[in-house]
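Have the sequence and the model open as you read.

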Amino acid sequence: MTESEAKTVARALGGETWNSGGGVQLIVIERSDGRVVAISDEVVCEYPNRNELMGGQPTNSIMLV
């Protein structure tokens with residue numbers, strides 16, 4: 001998804017955008033329990049915390065394509 005699309009979706013979901021490199025735009029939503037949800041145009045992933053988002057493995061994921 002483009003940066004503009006990511007910003008629009010992030011606003012709608014109460015999250016923020018993050019460029020994870022290689023032109024990949026993510027929507028990042030930090031939940032009240034500290035878990036982090038990252039959404040791309042291909043997958044939705046849940047991480048235990050923001051540090052794990054940077055290089056860890058997701059605890060749950062859903063492929064969108």
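Two strands count as paired if DSSP finds at least two bridges between them. With that cut-off in hand, strand 2 and strand 3 (residues 36-39) pair in the antiparallel sense, over four bridges. Keep in mind that this is a predicted model.

**Strand 2 and its cover**
- Strand 2 spans residues 25-30.
- Five of its six residues are buried, so the strand is mostly covered, where buried means under 20% relative accessible area.

**Pairing with strand 1**
- Strand 1 (residues 16-19) also pairs with strand 2 in the antiparallel sense, over four bridges.
- Asn-19 stands opposite Gln-25 of strand 2.
- Strand 1 and strand 2 form a hairpin with five residues between the strands.
- In this hairpin, Gly-21 takes a positive phi near 105°.

- Ile-27 stands opposite Ile-39 in strand 3.
- The hairpin of strand 2 and strand 3 has five residues between them.
- Gly-34 sits in that turn, with a positive phi of about 95°.

**Nonpolar surface patch**
- Ile-62, Leu-64 and Val-65 make a nonpolar surface patch of about 330 Å².
- Val-65 lies in the segment after strand 5 (60-63).
- Is Val-65 buried or exposed? Its relative accessible area is 73%. Exposed means over 50%, so Val-65 is exposed.

Technical notes. Residues are numbered from 1 along each chain as its sequence is written. This is a predicted model: local features need pLDDT of at least 70, side-chain atom pairs count only at pLDDT 80 or more; totals for chains, interfaces and linings use all residues. Side-chain values use heavy atoms; hydrogens and water are left out. Buried means under 20% relative accessible area, exposed over 50%, partly exposed in between (1.4 Å probe, protein chains only). Helices (H or I, at least four residues) and strands (E, at least two) are DSSP runs, numbered from the N terminus. Patches are made of residues with over 30% relative accessible area and no salt bridge: like charges are joined within 9 Å, nonpolar side chains (Val, Leu, Ile, Met, Phe, Trp, Tyr) within 5 Å. Accessible areas come from the Shrake-Rupley method with a 1.4 Å probe; for residues, only the protein chains shown count as cover. A salt bridge is a side-chain nitrogen of Lys or Arg within 4 Å of a carboxyl oxygen of Asp or Glu.
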